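Me: I am new to this structure and would be grateful for a close look at a single part of it.

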Amino acid sequence: MYLCNKVYKIKPYYLLLLLTMLLVSVGCLKSNKPGIPEPVRRVINQAELHKVAFLNAMVSYDNPEDSLKLKALYYLIANMGSHYEITYKISDSTGKRYTIPIADYPDYQTLKKHLRLLKEKDSSLKVMHDTILLDIKTVSSQLLTTNTDTAFKSWANPLYNQNIYSFNDFCQYILPYRVANEKAEPFRHFFRSRYSDKIFNLLHPSQVNPVSLTSRIHQLVVNDVHFDKRYEIHYNYPDLNEIASAHKGNYRDIALYEVKAFRSFGIASTMDYTPYFADSSGGYFWPAVMVSGQHFIPVLYPGFSTDYLTKPGKISKVYRRIYSDDTTSLFRIKKMSEHTPAFLGQFNYDDVTDEYVPTANINVTLTDTARYAYLAVFNGGSWHPVQWSNSQNQLQTHFSKMGVDILYLPMIVRNERTLPAGQPFLLEKDGTVKVLDGQTNKPAKKHILSLISPHQFLQPNQTYFLYQWNNSQWQKIKSAHSGNKGTLNTSLKPYTLYLISQENSAKWFDDERPFIVKNSTIHFY
């Protein structure tokens, strides 16, 4: 991205050509002639030397018959400033890199044990950004024109979409050359070569419509690429050839793959996701296909159903990746130097939670302040923010479209650490907030515990630790033996947050679930 302190010898001819192109570009951008919208000029100016790539692409559509393609290109360029490719690395405090060869491990549990051993050996290990390549500095004119030309072929083909998508729909959900922060590559030829024969050997032209085409593509992708839990540790985005060769991936990578397959055949699509489940570990990513009038339907993989995904207490938030720039997003309004939690301040998205589950808008009291506040769910043994608020250093703030029947914890970011900033609370089904501060006049009562999560029983003759959330942390309040029956007998207060684990330290929590006593009954969240 940056020029180093090195002298490059450029032949006079190429230097003259470069200077000429720069002069032409300056002339075009300063011209008062109509044609180049101001948002496009702004991005081109930000591209500095790379502006030549954009101008070359624009020249390709200089003919009157290409006016709609030029308009589409303007859309891509005008909204390009917020897009980039990113890679990650695992390293320790000294900067030493660690490589995790996923395929060398027979299953996820073996891989998980290895990762724990690494962390026990060096607690400073963490995943961090490695490289960030800004699209306005790297995307080539050839990629832009190839992408635009092939996108128009799919959109204009009446066999595929039968004119159900407007030009605006096309620009937002068919045209873009990327879905997320993966490598920008010309994907349409890849998928048309891979799947065209398999689609049209089965579907007669008279049978082709958006529904049948979506169904057939989904079937092909499901048979071609399978979910492998080991790949949840694969933080970097694989390119198309990597996925096609491995025939495996995590849900994020498979969703990106399928969205591109849909777009290659003129189906307007994007990726919806819930980054962290509210009642279990992990999250989920899936394609969403536009059927009409900005209405999307989810395309789910085997093992998932709409009923499962939308059951009460499962989903706190659902977001939709978008290409269009959103000047009100956290990504756009925060300072570049400000650290924000994963999934919330790194890119543009639409909040579509209310398209999937009942939601509530709530006011929350904080115990600490920062420019932004967050609400987190408990997932994979720790709290993960899923929504943000522009709290402006106030002790009261507002959060919108929050999934109900879910346990939340207010948090802030300080010194790149996510810290508790309020009491955990239960957002009830009716939208009311029940604070779980452990302060109650009701006496503790004896309860027999047999589970550490809704689907995981205590093992017989094992030592377990009972934790209570207190003073912004999990505090160990009791250790007990489960006996021959695999149960614990202990006193619990109502509306107080507890957790049972075999781990002697909260830093090693994993799939355990917090619980409360409500109406004399234990409820896991």
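Which residue in strand 7 is the bridge partner of methionine 271?

Reply: The bridge partner of methionine 271 in strand 7 is proline 287. The model is a predicted one, in which local features need pLDDT of at least 70 and side-chain atom pairs count only at pLDDT 80 or more, while totals for chains, interfaces and linings use all residues. Residues are numbered from 1 along each chain as its sequence is written, and side-chain values use heavy atoms, leaving out hydrogens and water.

Strand 6 (residues 269-274) and strand 7 (residues 284-292) run antiparallel and are joined by 6 bridges. Strands (E, at least two residues) and helices (H or I, at least four) are DSSP runs, numbered from the N terminus; two strands pair if DSSP finds at least two bridges between them. This pair belongs to an open sheet of 5 strands, ordered 8-7-6-9-10, with antiparallel pairing. Strand 8 (295-298) and strand 10 (349-351) are at the edges with a single partner strand each, so one side of each has no neighbour in the sheet. From one strand to the next, the twist averages 35°.

Helix 13 (residues 251-264) lies across strand 6 and strand 7, at about 20° to strand 7. Such angles run from 0 to 180 degrees between N-to-C directions, with axes fitted to C-alpha atoms, for helices over the stretch in contact, where contact means heavy atoms within 4.5 Å.
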